[in-house]
Amino acid sequence: MNNNSTNYFSREYIEKVRQINERLGKIPLAHVHSFGCQQNVSDGEKIKGMLAEMGYGFTPNTSDADLILFNTCAVRENAENRVFGNIGALKKLKAENKGLIIAVGGCMVQQEHIARKIRKTYPQVDIIFGTHVMGEIPHMIYDKLCENRKTLMIPDSEGVITEGFPVLRESDIKASVPIMYGCNNFCTYCIVPYVRGRERSRRPQDVIDEVRGLVENGCKEILLLGQNVNSYGKEHDFGFSKLLCELDKIEGRFKISFMTSHPKDCTFELIDTIADSRHISYHLHLPVQSGSDRILKAMNRHYDTAHYFELIDYAKKRIPSVALTTDIIVGFPGETYEDFRCTLELMKKVEYDSAYTFIYSKREGTAAASMPDPVSDEEKGKWFRELLEVQQAVSEKAYSRFVGKEIEVLCDGIGRTADGCMTGHSRHGVIVDFNGGRELIGKFVTVRVQKAMPWAVVGELVGISD
Ligand code: SAH
Ligand code: SF4
Ligand code: F3S
């Protein structure tokens with residue numbers, strides 16, 4: 001197989017594998033698990049789309065699968081350890097079923113040292129594929145089925161985008177739509193630019209057509225995805241705000257949300273676009289990472305806290321009850337308790353609805369990996385727990401702004417706060433639990449909020465709007 005090929009989509013091999021599977025006399029089952037971010041989940045939906053066209057059914061259990069595929073994440077060490085544990089556990093299954101195909105792909109194996117380790121330590125793995133060759137999966141499966149040939153395929157990518165993958169989505173109500181791939185930012189702690197390649201955007205018309213098609217098919221919530229959506233469209237001379245404006249013109253009852261926004265590229269124009277829109281979520285996920293300017297500089301984030309507050313103040317002024325969320329790293333190399341306290345202060349000042357918080361994890365090949373890191377893991381753990389406590393109180397206070405108000409909610413499942421309650425997300429992206437039945441799933445309803453919790457609000461159903 002040509003090891004230099006980039007992303008293309010091998011329909012010829014989909015057909016060949018389908019013909020082999022048809023002759024089996026039973027539907028072969030695939031178990032696909034995506035670790036990591038929404039981007040990976042979205043890739044997993046495309047992989048499942050191709051597998052479905054090749055004649056595979058799906059199973060949540062590894063024990064009755066004919067093909068097991070892990071789509072991996074490399075962002076932190078514990079994410080990688082989880083994958084190694086899962087691959088190790090497959091040794092027994094492979095011994096019991098020699099025909100079982102095991103494939104491991106995605107961000108983790110895009111790193112050469114990891115791919116080599118899997119090759120050497122886990123002989124049960126048949127297929128190892130990087131992030132730029134998803135379209136080759138049918139070919140790799142064909143080679144294994146017909147010639148019992150193992151594949152390792154991890155080319156670098158020039159940044160090609162393939163359109164037209166079949167997609168098997170998890171839900172009819174909500175859909176993820178990637179609008180760009182890769183990242184050019186090289187934050188000093190982060191592995192993503194190394195494993196996902198350079199930033200590249202889909203053509204605006206491709207995105208608009210996909211979203212329009214989804215809405216016409218009854219989809220109610222669209223999540224636009226990219227590592228830094230604010231820098232969408234540079235090569236098409238079509239910025240992110242312009243894309244949002246075009247999507248907002250689509251007729252129908254639906255919601256658009258997006259992630260992730262980088263503060264250095266977040267514009268006042270984007271905030272205005274959200275404020276003046278019909279469909280766009282009143283939610284800005286704006287990862288700050290740290291409240292210390294010294295640490296932000298060492299992280300190569302290209303903004304300072306003063307600029308961050310400018311954005312936050314403008315968003316609070318322009319967008320009614322705007323929901324703000326963030327990502328924070330604790331224990332970046334060289335961070336002191338003083339720096340960390342600045343992060344706590346920032347959290348309280350911004351009043352985030354919620355925060356994804358992480359202890360710094362050293363990633364081989366990144367700039368921060370060679371920076372002195374004198375603070376012990378134990379100390380970082382203490383800071384981390386302090387951060388969680390502060391954020392919990394901040395969240396509960398932030399959510400209380402909805403108490404007594406009537407809000408619109410897209411019902412999307414069964415709730416967790418009481419027996420038999422339903423759940424959904426508001427226009428602000430807030431989780432809302434309320435009384436009601438399963439027939440409400442996929443409908444917009446109105447809920448009067450009665451109580452704020454640290455992770456959600458709870459209320460009473462007052463009407464069904466469609
Ligand atoms: N592109 C997005 C986020 C991608 S990764 C952005 O720039 O915001 C998601 C989050 O994981 C990051 O925001 C960061 O908080 C965290 N993260 C990334 N690398 C990490 C590392 N080495 N250790 C700990 N957390 C990390
Ligand atoms: Fe990683 Fe920074 Fe790119 Fe986000 S913007 S993916 S944190 S390098
Ligand atoms: Fe992980 Fe890759 Fe996403 S490293 S966070 S799955 S882009």
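C37, N40, C73, A74, V75, C107, R196 and Q227 are the residues around ligand 3, a residue being counted when one of its heavy atoms lies within 4 Å of the molecule. This shell comprises five nonpolar, two polar and one charged residues. In this classification Ala, Val, Leu, Ile, Met, Phe, Trp, Tyr, Cys and Pro are nonpolar, Asp, Glu, Lys and Arg are charged, and the others, Gly among them, are polar.

The model is predicted: local features need pLDDT of at least 70 and side-chain atom pairs count only at pLDDT 80 or more, whereas totals for chains, interfaces and linings use all residues. Residues are numbered from 1 along each chain as its sequence is written, chains are lettered from A and ligands numbered from 1 in the order in which they are written, and side-chain values use heavy atoms, with hydrogens and water left out.

## Surroundings of ligand 1

Ligand 1 is surrounded by 15 residues, of which Y189, Q227, Q289, D327 and S361 are the closest. Q227 is also listed around ligand 3.

D327 contributes a polar side-chain atom, 2.6 Å from an oxygen atom of ligand 1.

## Domains and their interface

An automatic or database domain assignment divides the chain into domain 1 (6–153), domain 2 (170–401) and domain 3 (403–464). The C-alpha centres of domain 2 and domain 3 are 25 Å apart. Contact (heavy atoms within 4.5 Å) links 26 residues of domain 2 with 21 residues of domain 3. The two domains bury about 1800 Å² between them, 54% of it on carbon and sulfur atoms; this is the accessible area (1.4 Å probe) lost on putting the two parts together, summed over both.

Two salt bridges are found across the interface of domain 2 and domain 3, the criterion being a side-chain nitrogen of Lys or Arg within 4 Å of a carboxyl oxygen of Asp or Glu. The side chains of K174 and D412 form a salt bridge with an N to O distance of 2.9 Å. On the side of domain 2 that touches domain 3 there are nine nonpolar, eight polar and nine charged residues.

## Backbone geometry

Most residues other than glycine have a negative phi, and most peptide bonds are trans. N148, which is not a glycine, has a positive phi of about 50 degrees. M259 and T260 are joined by a cis peptide bond, with omega about 10 degrees.

Note on methods:
Polar contact = N/O pair within 3.5 Å; in protein donor to acceptor, adjacent residues only side chain to side chain.
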